[in-house]
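Trainee: Before we discuss this protein, could we look at it together and go through the terms one at a time?

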Amino acid sequence: MTGIDILALCFFLLCWFVFDGLVSGRFGLIQRKSLTSAMMIHRRRWMKTALSRDLRMIDTQILSGLQNGTAFFASTSIFAIGGCFALMGEADRAQMLFEDLPGLIPSTRAAFEMKAGGLAAIFGYSFFKFGWSYRLFNYNTILFGALPMRDGANGEKAAERMAEQIAEVNIIAARHFNTGLRAIFLSIGYLGWFLGPYVFMATTAFVFMILTRRQYFSDARRTILEATQNESEERP
């Protein structure tokens, strides 16, 4: 692996680290509220609204949908890992196909296998994130089943406190799900490494810009924030 390959890999890891920090708010570089942060508000709002519902079949269906979506991506990650190992087994044939493309920097078989192994590691990371998220959503469903009515025997404050705890578990599960999904998105940029280190950096930067735009400048973010602001204005 050449020096430019190492530089491209470091750039990829840096973009991943920076984006994780931006979304989590650890760095404080962007003062704008992210799409993920805006959805956290609505997750808490959802659990507080559920306190007043006599029939909660809608809520259980939503939780079931969250679990099924997480399970789908976990299964997809497993299939992707298998595809990466299949690619490593056909390294010679795949490398010949890439070498026929014009303008690419040639690489060795060992470098090609290392790139495929790195891609498998990304999907393995996403699988563990999805698996833990699925388990947390499962716990969240059980906790939701124990959620009392607002005017129950334990009192309104106890019910609201439990709703906040359930919302927090839901947020943690969603955070792990988003981390796994982010890894899959960034793996698209990683695929550029098979075409060369310069393409790798370009595709990584492209994916980074798309993810940043969706988190901070998308129409979905604007709409969700408007719904949050409208709710605040309607409160007495």
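## Reading the helices and their contacts

Mentor: Let us start with helix H3, whose buried residues are Asp-59, Leu-63, Gln-67, Thr-70, Ala-74, Ser-77, Ala-80, Ile-81 and Cys-84. Please keep in mind that this is a predicted model, in which local features need pLDDT of at least 70 and side-chain atom pairs count only at pLDDT 80 or more, while totals for chains, interfaces and linings use all residues. Residues are numbered from 1 along each chain as its sequence is written, and side-chain values use heavy atoms, with hydrogens and water left out.

Trainee: What makes a stretch such as residues 57-89 count as helix H3?

Mentor: Helices are DSSP runs of H or I with at least four residues, strands are runs of E with at least two, and both are numbered from the N terminus. Helix H3 has 33 residues, and by that rule the protein has eight helices and zero strands. The expected span of a helix is 1.5 Å times one less than its number of residues; H3 reaches 48 Å from its first C-alpha to its last, close to the 48 Å expected.

Trainee: What covers the buried residues of H3?

Mentor: The cover includes helix H2 (35-50), helix H5 (109-145) and helix H6 (156-190). With H2, the packing angle is about 145° and the axes are 11 Å apart, where axes are lines fitted to C-alpha atoms, for helices over the stretch in contact, and angles run from 0 to 180 degrees between N-to-C directions. Contact means heavy atoms within 4.5 Å, and in this sense Arg-43, Trp-46 and Ala-50 in H2 meet Asp-59, Ile-62, Leu-63 and Leu-66 in H3. By class, the contact of H2 with H3 has five nonpolar, no polar and two charged residues, given that Ala, Val, Leu, Ile, Met, Phe, Trp, Tyr, Cys and Pro count as nonpolar, Asp, Glu, Lys and Arg as charged, and the others, Gly among them, as polar.

Trainee: Why is Ser-133 called buried?

Mentor: Buried means under 20% relative accessible area, exposed over 50%, and partly exposed in between, with a 1.4 Å probe and protein chains only. Ser-133 has a relative accessible area of 0%, and therefore it is buried. Ser-133 lies in helix H5 and, not counting residues up to four places away in sequence, touches Thr-70, Ala-173, His-176 and Phe-177.

Trainee: How do you know on which side of the cut-off Phe-177 falls, buried or exposed?

Mentor: Phe-177 has 17% relative accessibility, so this residue counts as buried. Phe-177 is placed in helix H6, and its contacts, again leaving aside residues up to four places away in sequence, are Gly-69, Thr-70, Phe-73, Phe-130 and Ser-133. Across the protein, 39% of the 236 residues count as buried.

Trainee: How is the packing of H6 and helix H7 (residues 197-216) described?

Mentor: H6 and H7 pack at an angle of about 145°, with their axes 7 Å apart. The residues of their contact divide into seven nonpolar, three polar and two charged.

Trainee: Where does UniProt place the feature "transmembrane region"?

Mentor: The unreviewed UniProt entry places that feature at residues 71-89, 110-128 and 190-212; such positions are given in the numbering used here, feature names are shortened, and annotations may be inferred rather than shown by experiment. In the model, residues 71-89 are 100% helix and 0% strand, with the end C-alpha atoms 28 Å apart.
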